[in-house]
Structures are given as C-alpha cells and as structure tokens.
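Reader: I have a protein model open, and I'd like to learn how to read it. Can we go through it together, feature by feature?

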Amino acid sequence: MAYWLMKSEPDGYSIDDLERDQREPWDGIRNYQARNFMRDEMKVGDQAFFYHSSCPEPGVVGLMSIVSEPYDDPTQFDPEAKYYDPKSTPDKPRWQLVDVQFEQKFERTISLAELKMNPKL
C-alpha cells in the first residue's frame, strides 16, 4: 500500500464535502505529473492524505482511500464543464481520475510548517 497527498481548495471541495458524499471521483486534475501518478501508480487500497490548499490554514485535514482503478475524467469532454479540454477526445483522452472514499476527518489541521518540522509524520 502506498500513501499519497491529494489537495483541494476547501471552497471548491472540502473534507466535509467528502465526508457527506463518502465517495467521489477526484476530477479536474490538469497537471501531467499528477495525472501520471494517478494513472500509473495509484492502486485500489492506497491511502491518501486530504490537503486543503489556498486557504487561511493550509494543511492535512483528513484521510481517504483510493477505491477505483484510473479511468477517463469525463469533465475533459464536456464543453460546459469547468475542466473541459478541447484538445482531448474520447479516442485520445488526456486526463485520468480515480475515485476516493472518505476514511477520517482529523480533529485539527496538520499544517505544512508542522509537516516540514516532523518528517516522520
């Protein structure tokens, strides 16, 4: 089993949203390196730390698990979607996603500064 760090802005999709939904496709990834990790290395059963970014207190706020094999991100094909990619086609998709499942919300945020100070966390 591997451990991953997956980030989202809390005003876009938060740990509270995942707790409510329980399972969600981790869509909208438009970074090739992140896509490659999801496509090539993430496995069902891996764990991921949920990291809130671009907020007053960025940091790890919870734990989720990877619960699907990678598959094509449908938002890339939808012209109405926020993450539409006109260069991507169903015959040659560019973007992948995995489904994640809520596991735990932490009692407090583990800040980036704290993570850097404690490499064994």
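**Reading the model**

Reader: Let's start with S54: is this residue buried or exposed?

Author: S54 counts as exposed, because its relative accessibility is 58%. The scale goes like this: buried is under 20% relative accessible area, exposed is over 50%, and partly exposed is in between (1.4 Å probe, protein chains only). Before we go on, remember that this is a predicted model, where local features need pLDDT of at least 70, side-chain atom pairs count only at pLDDT 80 or more, and totals for chains, interfaces and linings use all residues. Numbering starts from 1 along each chain as its sequence is written, and side-chain values use heavy atoms, with hydrogens and water left out.

Reader: Got it. Where is S54 found?

Author: Look in the loop between β3 (47-52) and β4 (59-66). Those labels are DSSP runs numbered from the N terminus: helices are H or I with at least four residues, strands are E with at least two.

Reader: What about the phi of S54?

Author: Here's the general idea: most residues other than glycine have a negative phi. S54 isn't a glycine, yet has a positive phi of about 50 degrees. Q22 is another non-glycine residue with a positive phi, about 70 degrees. You'll find Q22 in the loop between α1 (15-21) and β2, and Q22 is partly exposed at 38% relative accessibility.

Reader: On to salt bridges. How many does a search of the whole structure find?

Author: Eight. To count, a side-chain nitrogen of Lys or Arg must be within 4 Å of a carboxyl oxygen of Asp or Glu. Take R23 and D99, whose side chains meet at 3.2 Å, N to O. R23 sits in strand β2 and D99 in strand β7 (residues 99-111), so this bridge ties together parts that are 76 residues apart in sequence. R23 is partly exposed, at 42% relative accessibility, while D99 is buried, at 10%.

Reader: Which residue forms a salt bridge with D73?

Author: That's R30, and their closest N and O atoms are 3.2 Å apart. This pair also links distant parts of the chain: D73 is in the loop between β5 (71-72) and β6 (96-97), R30 is in the loop between β2 and α2, and they are 43 residues apart. D73 is buried, with 0% relative accessibility, and R30 is partly exposed, with 27%.

Reader: What about D40 and R39?

Author: Their side chains also meet in a salt bridge, 2.7 Å from N to O. Both ends are partly exposed: D40 at 42% and R39 at 35%. Salt bridges can form a network as well, as with D17, R20 and D21.

Reader: Which residues form a nonpolar patch on the surface?

Author: M1, Y3, L5 and F49, with about 470 Å² of accessible area together. Patch residues have over 30% relative accessible area and no salt bridge; like charges are joined within 9 Å, nonpolar side chains (Val, Leu, Ile, Met, Phe, Trp, Tyr) within 5 Å. The areas come from the Shrake-Rupley method with a 1.4 Å probe, and for residues only the protein chains shown count as cover.

Reader: Last one: how much space lies in the largest pocket?

Author: About 810 Å³. A pocket is an open set of points on a 1 Å grid over the protein atoms alone, where a 1.4 Å probe fits, with protein on both sides within 12 Å along at least five of seven lines; lining residues have an atom within 4 Å of a point. Grid points are joined across faces, edges and corners, and the volume is the space filled by probe spheres set on them. Here 27 residues line the largest pocket, and K7, S8, W26, D27 and I29 lie nearest its centre. β1 (3-8), β2 (23-25) and α2 (32-40) are the elements that each give two or more residues to this lining; the largest share, five residues, comes from β1.
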